[in-house]
Amino acid sequence: MSVQMNLAAVFAVATQATWKGSKALLAKESVFLPALGFLGIIVLWWAIALLRSDLMPTPPEAFVNNLDFILNPFYQRGPGDLGIGWLLIASLRRVLIGFVLGALVAIPIGFLIGMSRPMMLALNPVIQIFKPVSPLAWLPIALAIFNLADPSAIFVIFITSLWPTIINTALGVSSVSQDFIDVACVLEMPKWRQIYKIILPASLPYIFTGLRISLGIAWLVIVAVEMLTGGIGIGFFVWDEWSRLNLSSVFLAVLVIGVTGLLLDFALARLQVLVTHRKPLTTN
Amino acid sequence: MFKSTLQSPDNNPTQSSEANFLVIENLTKAYPASNGGEFVVLDNINLTISANEYVSLIGHSGCGKSTLLKIVAGLERATSGLVTLEGKEVRKPGCDRMMVFQHYSLLPWLTVRENIRLAVDEVLEGLPNSEKAQIVNEHLAMVNLMGAANKYPDEISGGMKQRVGIARALAIRPKMLLMDEPFGALDALTRGKLQKQVLDIWENHRQAVMMVTHDVDEAIYMSDRIVMLTNGPNAQIGEILEVPFPHPRDRQQLRESSLYFELRNHALNFLDRYFSSDD
């Protein structure tokens, strides 16, 4: 996840700069230097494209080629010929369904593992073995079960989302400060109420860390899954445009996928602030 | 080794149940040691605390004074011996013996008000909401925290946090207050201020208090009796020091009396004696 740029971190730097009261510094740290980074990439791309024009289009060429996609993100010109906005929505739908299902299963399992040592001993080896398996390896199994591309893709995302959330939830639950448990005990709080009044809120920062890692990987994986399953989605779009030797659209797709991933992480970080009333742990 | 027991003015001799409010009998706490034997922390502790008495436990770190407090709280079990509160055996934690923790133990996801409310909700479950809110407000006012009621624990100072801890403890109306080095993590100025505040509150609402401390001045200023533990392992009650100053107490007046220095020197000598035998 270190490749993923953290929008929240950029904003944190920006707000820090405002507190220092220096507008020049704000402009430099949150606008100028990041812009310089992007400029560097474009220059590099341009240079390569100029030297080997057979290899790839230059940035202005790519922009002109993509103008239709950019101006009409939501066109519908027949079955399967949809604007990039629709493709994005289709991919997001799969990711979100799989991710939410994964979270609904992973958080309770993480609680069980974190609270009970026998559960931890029983489930930890299974998790340790499944965790390093590329989620794509589950695709044939999913296709065998569902016989359909769409549920299979969602299933793969579901599996992808499980492990980081389970592991982080279990870590959070097992590391709830004994002081908090002591408070609950002295107040004679019943165990089930301790779970949702003490243990759940205390481990929320860890749970959110797990969710953010899960969602990040899920967004990585959906592109690969869609390349394999085909159908409507941003991943298949990348593959399809490559087959048509339309590299300009692939560049556009890479940009769109990157920005969407960033926004997903940012949205989850905002949700964390809303739910926990606390600043998120920076996960970079 | 016990000094003669002076009755505090409001200690009515007819009420023996009040005098034997908390009774610790032959209490021993031991952990299994790695060599198969036992590591005895507390050895045969006997102590009685009356209903309106402020008692301090003092001793070197590691002597087991916090363990003793936790056993009274029910957070740890004694290996043998008996702890009774109003004649009933203490077996598990209970809201009749509320703790004030050294590191405050406030829930960081709740505001100051919500932290106190959580305790009130849990213990005074049957009360209507308006009455609960009233209790929370009263106790916020008692520790001068009305202005910070809606702040989160990491937005307030250590002294304020401990005031929340004290308000939370008092709000559930415990029969007994257990304080584990409540001022230990505070700077000296804040500590002095908070000691005075807590003593003021206690002087207005007397109840049984057991406070662990390692500060002799704090123990003399605040408590009616000082229980001095010998060094662990096998810590025992070495001596119980009566502090005969009447309440309400004024720290400056106390410091001017020669008795204060006698008590202080006596306690320090006791601690020094055990210190030199340790290291």
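1. Chain B of this predicted model exposes about 12600 Å², of which carbon and sulfur atoms supply 48%; accessible areas come from the Shrake-Rupley method with a 1.4 Å probe, and for residues only the protein chains shown count as cover. Of the 279 residues of chain B, 52% count as buried, where buried means under 20% relative accessible area, exposed over 50%, and partly exposed in between (1.4 Å probe, protein chains only).

2. On conventions, the model is a predicted one in which local features need pLDDT of at least 70 and side-chain atom pairs count only at pLDDT 80 or more, while totals for chains, interfaces and linings use all residues. Residues are numbered from 1 along each chain as its sequence is written, chains are lettered from A and ligands numbered from 1 in the order in which they are written, and side-chain values use heavy atoms, with hydrogens and water left out.

3. The radius of gyration of chain B is 19 Å, which agrees with the value near 19 Å for a compact globule of 279 residues; the radius is taken over C-alpha atoms, and the globule rule is 2.2 Å times the number of residues to the power 0.38. Along the principal axes, the C-alpha atoms of chain B fill a box of roughly 55 × 50 × 45 Å.

4. Among contacts in chain B between residues at least 6 apart in sequence, 70% join residues at least 24 apart, a contact meaning heavy atoms within 4.5 Å.

5. Chain B carries 28 positive and 35 negative side chains, and the centres of the two sets lie 4 Å apart. Lys and Arg count as positive and Asp and Glu as negative, with His and the chain ends not counted; the place of a charge is taken as NZ of Lys, CZ of Arg, CG of Asp or CD of Glu.

6. Chain B has nine helices and 10 strands, which are DSSP runs numbered from the N terminus (helices H or I, at least four residues; strands E, at least two). Four strands form an open antiparallel sheet in the order β2-β1-β4-β5 of chain B, two strands being paired if DSSP finds at least two bridges between them. At the edges stand β2 (38–49) and β5 (88–89) of chain B, each with a single partner strand, so one side of each has no neighbour in the sheet.

7. Within that sheet, five bridges join β1 (residues 22–32) of chain B to the antiparallel β4 (residues 80–85) of chain B; among the pairs, E25(B) has L82(B) as its bridge partner, and L22(B) stands opposite L85(B). L85(B) also has K88(B) in β5(B) as a bridge partner, and in the hairpin of β4(B) and β5(B), with two residues between the strands, E86(B) takes a positive phi near 50°.

8. G64(B), in the loop between β3 (54–58) and α2 (65–73) of chain B, is buried at a relative accessible area of 7%. Leaving aside neighbours within four places in sequence, G64(B) is in contact with V41(B), L42(B) and L229(B).

9. E218(B), in helix α7 (residues 216–222) of chain B, counts as buried at 4% relative accessibility. Beyond its neighbours within four places in sequence, E218(B) is in contact with F183(B), R191(B), Q195(B), M211(B) and T213(B).
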